[in-house]
Each structure stands twice: as C-alpha cells, then as structure tokens.
Amino acid sequence: MVSGSGTVELVYDPDATGQAAFIEDVITASDTADATFELFTTGTTSGSDSVSFAGIITSMDIASTVGDLVVATCNFITSGTITSNLQ
C-alpha cells in the first residue's frame with residue numbers, strides 16, 4: 001500500500017503512561033510526521049497481526065460528559081512506508 005488515511009478513536013486515560021504527552025503532541029501546530037501507529041486486527045503482541053506506519057494527524061476531537069469516558073477521535077494520513085504483519 002502506497003498511502004492511506006483513516007480515523008482512530010482512543011479512550012483517554014490521563015493516568016496512563018504517555019497518553020497526556022500524545023494529546024499534547026497532537027495539538028501542536030506545525031508538527032512533523034512523528035505520530036507512530038500500530039493497528040491490530042487480532043492478537044495482543046507488538047507486531048503480531050498488525051499494520052504499522054508513521055502518520056500526520058490532520059484533526060482531532062475530544063468529547064466527554066461528566067462522569068463518562070473521554071474519547072479522542074483522530075483523523076490521520078500516512079507518511080512513508082506502511083508495514084503489514086497480517087497472518
């Protein structure tokens with residue numbers, strides 16, 4: 001695959017390692033294509049049944065209501081090589 005685009009939804013947990021930094025990175029203007037994605041079809045091990053790539057997040061929405069989960073929806077385009085490890 002030469003290029004791609006899509007949308008991911010993330011359940012945000014401010015106590016989880018790296019998530020606050022991820023959100024800060026997403027909202028930074030003029031950011032380079034440094035977001036790294038690894039999307040899994042099945043499995044739980046890094047690299048297993050996955051597609052990985054670098055990408056540029058083109059837009060993001062964060063939504064929640066009092067007492068509910070915080071969900072961040074990110075639209076992206078791929079940048080560079082898309083690696084498939086589907087089994």
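The following dialogue asks how terms are applied to this predicted model.

Mentor: This is a predicted model, in which local features need pLDDT of at least 70 and side-chain atom pairs count only at pLDDT 80 or more, while totals for chains, interfaces and linings use all residues. Residues are numbered from 1 along each chain as its sequence is written, and side-chain values use heavy atoms, with hydrogens and water left out.

Trainee: Why is the pair of F37 and F76 called tilted?

Mentor: Rings of Phe, Tyr and Trp (its six-membered ring) pair if their centres lie within 6.5 Å; planes under 30 degrees apart count as stacked, over 60 as edge-to-face and the rest as tilted. The structure holds three aromatic pairs. In the pair of F37 and F76, the centres are 4.7 Å apart and the planes stand at 35°, so the pair is tilted. F37 belongs to strand β2 (residues 35–40) and F76 to strand β4 (residues 70–85), so the pair ties together parts that are 39 residues apart in sequence. Ring pairs also join F37, F53 and F76 into a cluster.

Trainee: How do you know that D49 is buried or exposed?

Mentor: Buried means under 20% relative accessible area, exposed over 50%, and partly exposed in between (1.4 Å probe, protein chains only). D49 has a relative accessible area of 12%, so D49 is buried. D49 lies in the loop between β2 and β3. Contact means heavy atoms within 4.5 Å. Leaving aside neighbours within four places in sequence, D49 is in contact with L39, F40, T41, T42, N85, L86 and Q87.

Trainee: What makes T36 buried or exposed?

Mentor: The relative accessible area of T36 is 70%, so T36 is exposed. T36 lies in strand β2. From C-alpha to C-alpha, T36 and F53 are 6.0 Å apart in space, and they are 17 residues apart in sequence.

Trainee: Which residues form the largest nonpolar core?

Mentor: A nonpolar core is a set of buried Ala, Val, Leu, Ile, Met, Phe, Trp, Tyr and Cys residues joined through side-chain atoms within 4.5 Å. The largest one has 11 residues: V8, I23, A35, F37, F53, I57, M60, A72, C74, F76 and I82. Strands β2, β3 (50–63) and β4 each supply at least two residues of this core, and β4 gives the most, with four residues. Setting aside neighbours within four places in sequence, I23 is in contact with Y12, M60, I62 and A72.

Trainee: How many of the residues of the protein chain count as buried?

Mentor: Of its 87 residues, 21% count as buried. Both F37 and F76 are buried.

Trainee: Which residues line the largest pocket?

Mentor: On a 1 Å grid over the protein atoms alone, a pocket is an open set of points where a 1.4 Å probe fits, with protein on both sides within 12 Å along at least five of seven lines; lining residues have an atom within 4 Å of a point. The largest pocket is lined by V8, L10, F22, A35, T36, F37, E38 and L39. Strand β2 supplies the largest share of this lining, five residues.
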